[in-house]
Amino acid sequence: MRSPFRNAYKVFEEITQRNVFIRNSAYSLYYRSMFNTYAYYEDPVEFHGEKDNVISWTSKISSLVKQNQSELAVGLFKMMLMTEQRPNHVTVLSVIRAISGLGLEDMMRVICGSVIKLGFESEVSVATALIGFYSDYDMGIVWKIFNQTPIKDLVLWSAMVSACVKSGQYGEAFEIFRAMQYDGVEPNHVSIVSILPACANVGALLFGKEIHGFSIKKMFHPLTNVHNSLVDMYAKCRNFKASMLVFDQILEKDLISWTTIIRGCIENDCPREAFKAFSRMQFSCFGADETIVQDMIVAIIQADEHKFGIAFHGFLLKNGLLAFVSIGTALLQMYAKFGELESAIIVFDQLDKKDYISWSAMISVHAHSRHPYNALETFKQMQSTDERPNEITFVSLLQACSLIGAQELGESIQAHATKAGYLSNAFLSSALIDLYCKFGRINQGRAIFNEIPTKDLVCWSSMINGYGLNGCGDEALETFSNMLACGVKPNEVVFISVLSACSHCGLEHEGWSCFSSMEQKYGIIPKLPHYACMVDLISRRGNIEGALQFVNKMPMEPDKRIWGALLAGCRSTHGSIEIAELVAERLIGLDPQNTSYYVILSNLYAEQGRWGDVERLRKLVDEKGLKKEMGYSMIEAQ
């Protein structure tokens, strides 16, 4: 049902001769609508008694904006236009701020047209406000407004630097910052805070140091927000020592200061330093907020501190912080990382209001814990609520389908994701490539890959891995070459896919070449997964002794993946039983509850007719109370 005001407003617009009587009627209806809903004006006589001039209208609109009543402010501006009052640039500025608060892009375009029509486009304050709004939507318009503003002040220059940084145009941000100084405008502390994130995000440490020196020279360094930006810059540029030094110099630390240094610790792989910073924050009488708690959970996972994680859970319960669903979601993911699926489920079940992120997280936990049926069951429960799945939900469901070989269900999920408009998501496309390649449907996986307009590292990695799984080593290397030709720089994950493909396809020479190029050509230091691929590559060729020598020369301590790859090589090539015994001993020491190592070694003994050793292992397993895991089919029952 249309309100009386809307009907009156429609009649008002249709009448050409706008007399005073109709105008006053419109005012009265509009006012009553506002008064009944918001009770903003206390006295209708006082409101109508004021002289209806631009200053009066602007004052009322500005007052509404300051009170965060943006909708009323926009409505009052429409009413002002109905009176044929010409707004001034201050009125327009207030309206721009109101529309920015509401995020109404279409309405802002109308205001832009009005700005030009009224001749306010040269007003610096108006241009600055428009730049601030459009930096979230269209940088093309931002550049147009900036370039067409004849006289630029410090605020406008700083706003443009901030807009470039926000949109990821870091090079342009540096150019604007320099151009501002060439134009004779000296940066202030706002300019400094605006440009430092650009230094941080591109790793421009030298330029960041220059900015730091400039801030000291101009006496900006005592300001907390400048210090916070410097802490962030040094941390992201991997100069953690300098980041800590600057942090310690902050005289009045705020919550942003503590958040920045804790996150800096995590970014520099120093989780225990994050624990110390959190403890200092508590002693400084700062309470942890939602963001800091989530970062601390990341630090706990990074440090692999299971006991500390449990203690932190108690801290959260004591301080009532589990009321935040985002914190509960992070906590269940922590327990899942530590292999405590039951604890993760308990945390999930205790969440009062589950959102789509928490549902998606629980589905993902089940899928990664190799409990695909539980993932699908959780999805069914999610469907019974009002929460709708997002891209991450579908990715986790596709992983579950891949684990149980559910091809038809996978295709159904693809159809749902397509209908929801998520197929353009890189992670979802990659999950589909993985799914079809694991089913041996390499052509379909390649078709999805070819349809991706802009391929990121995840997509390239999935396709390379898919070729490797299906024994197409040459195609995997060709895809890797195509990726390089497209100007995409490989990362650690891509090299895992390439080395794994070389290993599966017996491409030893190519595998060594890729492994050597990691650090020499791309500056990527090989980690344990890369060494595991190389051990697998060497041992698959039957060179068990060479693989063991490679392991012994590793610059880090081998983990289960390394020794597991070597034991698998011993089994598949019927290699040295002495090496197999050594490797099995290491694995049992690292993972004493896993009976598969005993089984593999027992089978190797049996192949050589060493039945006494077979019996000895069987008794050892019985004495330790270990139980052999039951096998299960990876193929969906028809």
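**Exercise 1.** How much space lies in the largest pocket? Work out what lines it, too.

*Solution.* Start with the ground rules. This is a predicted model, where local features need pLDDT of at least 70, side-chain atom pairs count only at pLDDT 80 or more, and totals for chains, interfaces and linings use all residues. Residues are numbered from 1 along each chain as its sequence is written, and side-chain values use heavy atoms, with hydrogens and water left out.

Step 1: the volume. The largest pocket holds about 850 Å³ of space. (A pocket is an open set of points on a 1 Å grid over the protein atoms alone, where a 1.4 Å probe fits, with protein on both sides within 12 Å along at least five of seven lines; lining residues have an atom within 4 Å of a point. A volume is the space filled by probe spheres set on the points, which are joined across faces, edges and corners.)

Step 2: the lining. Count 28 lining residues, with His 368, Gln 399, Ala 431, Asp 434 and Lys 438 nearest the centre.

Step 3: the elements. Helices H22 (356-368), H24 (391-404), H26 (426-438) and H28 (457-469) each give two or more residues; H24 has the largest share, 7 residues. (Helices are DSSP runs of H or I, at least four residues, numbered from the N terminus.)

**Exercise 2.** Is Ser 358 buried or exposed? Find its place and its contacts.

*Solution.* Step 1: look in helix H22, where Ser 358 sits.

Step 1: check the cover. Ser 358 counts as buried because its relative accessibility is 0%. (Buried means under 20% relative accessible area, exposed over 50%, with a 1.4 Å probe and protein chains only.)

Step 2: list the partners. Beyond four places in sequence, Ser 358 is in contact with Val 325, Thr 329, Phe 348 and Leu 351. (Contact means heavy atoms within 4.5 Å.)
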